[in-house]
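Here are my notes for someone opening this one for the first time. Have a look at the structure, then go through the points with it on screen.

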Amino acid sequence: MGLWDKLMGEFVDVIEWTDNSSDTMVYRFERHGNEIKYGAKLTVRESQVAIFVNEGQVADVLTPGMYVLETQNLPLLSTLQHWDHGFSSPFKAEVYFFNTKQFTNLKWGTRNPVMIRDSEFGGVRIRAFGTYGVRIEDSRKFMQEIMGTDGHFTVDEISDQLRNLIVTRFSSIVASSNIPVLDMAANYEQLGQFVTQKIVPEFAAYGLKLTNILVENISLPTEVEEALDKRTSMGMIGNLDKYLQYQTAQGIGEGGSNSALDMGMGFAVANKMAEVLNKPATATPPPLPDTGWHVAIGQESSGPIGMPQLQQMAQNGQLTAATLVWQAGMANWQAAGETAALRGLFAGQATPPPLPPSAPPHSSE
């Protein structure tokens, strides 16, 4: 190696950054006087973006790859530096590396209960928590809106802001979505996807991409959870009446006092109720059909009257063949003597003979 090659070798510059941490989002490449030499080699690895800043102004943005820094590689910087006829060496510029990998398992959660109006329970206070993931999508915007000139920007510096943003938007989205509380509790995945779609634009304004929001838990007030447990018990037992009976047994068992007697009574009644509930219902015969007779005496009707009583009435003369009677199945009232069932009651009744003809008038001479 000659003297010239040795001197040029000392000017060869390598600019790169490898991240040994798990939380660094932006790193500024540090060097004395921020001087970069002609022919310097810049390595931008996968999951990285490099930005050149000249005198406080964002110049060129380089995506993953290896670059030999020349005029054509830095068009904006060349313009800013007035390198019309070639690269000047050395030049001053700041180089920022942006970590574009996904930062996951970031925590979020509601500090205070969120009041929502539920169609089934009315006003309900809920708490929720989970995790989310985020990555830098627009490095220039992220620098302008969030990072500024911070030479070592970590995710902890923005996690509080992002968490507050999620909680605020989550509360308003859930409160206005009219999603029943029970559906939320049973569909965490779908709820997380729904909220993610709604909040993505908020993160995009920071140059970030919200990859997902995971809802790990939605907790309800104790009273609502108890009501759900009771309703589940009701569903296992049967209808509302049985549920109330079950409640009575439970209430006796719990009792105002915690005596063993009360608890014993509760268990005994509950067991008895379980036996009753599990016992098949006994079949009961249907009521007998109405076979009695209705009798019209004067302008009033009476009945139903059985056959023995009708026989007695016929013997007493209260029921005659001309008395109107009615029975279920008949279209109209009918004279008792004209019905086949009652005609026999009047067989012994004497009927008067026909009246004799009137005597001719007596003549006097």
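1. Let's start at A204, which is found in helix α6, residues 188-204. Helices here are DSSP runs of H or I with at least four residues, strands are E runs of at least two, and both are numbered from the N terminus. A204 is partly exposed, with a relative accessible area of 33%. On that scale, buried means under 20% relative accessible area, exposed means over 50%, and partly exposed is in between (1.4 Å probe, protein chains only). What sits 8.2 Å from A204, C-alpha to C-alpha, despite being 66 residues apart in sequence? That's D138.

2. A word on the source before going on: this is a predicted model, where local features need pLDDT of at least 70 and side-chain atom pairs count only at pLDDT 80 or more, while totals for chains, interfaces and linings use all residues. Residues are numbered from 1 along each chain as its sequence is written, and side-chain values use heavy atoms, with hydrogens and water left out.

3. Now the whole protein. You'll find 10 helices and 18 strands, and buried residues make up 32% of the 365 residues. Take the contacts (heavy atoms within 4.5 Å) with a separation of 6 or more: 64% of them come from residues 24 or more positions apart. The protein exposes about 22,700 Å², with carbon and sulfur atoms supplying 53% of that area; the areas come from the Shrake-Rupley method with a 1.4 Å probe, and for residues only the protein chains shown count as cover.

4. How many salt bridges does a search of the whole structure find? Four, where a salt bridge is a side-chain nitrogen of Lys or Arg within 4 Å of a carboxyl oxygen of Asp or Glu. Side chains of opposite charge can pair when their charged atoms come close.

5. Another salt bridge runs between the side chains of R169 and E202, at 3.2 Å from N to O. R169 belongs to helix α4 (residues 156-177) and E202 to helix α6, so the pair ties together parts 33 residues apart in sequence. R169 has a relative accessible area of 25%, so it counts as partly exposed, and E202 is partly exposed too, at 30%.

6. Next, look at R28 and E30, a salt bridge whose closest N and O atoms are 3.1 Å apart. R28 is partly exposed at 21%, and E30 is partly exposed at 45%. R28 is also touched by G151, along with V26 and Y27, not counting residues up to four places away in sequence. G151 lies in the loop between α3 (139-147) and β13 (152-154). Is G151 buried or exposed? Buried, at 15% relative accessibility. The C-alpha atoms of G151 and E30 are separated by 8.6 Å, though the two are 121 residues apart along the chain.

7. A few backbone spots deserve a check. Most residues other than glycine have a negative phi, and most peptide bonds are trans. S47, in the loop between β4 (41-44) and β5, has a positive phi near 70°. N105, placed in strand β10 (residues 103-109), has a positive phi near 60°. G303 and P304 are joined by a cis peptide bond, with omega about 0°, and P304 is found in strand β16, residues 300-305.

8. E55 is in the loop between β5 (48-54) and β6 (57-62) and is exposed, at 76% relative accessibility. T339, in the segment after β18 (334-335), is buried, with a relative accessible area of 5%. Leaving aside neighbours within four places in sequence, T339 is in contact with V325, M330 and Q334.
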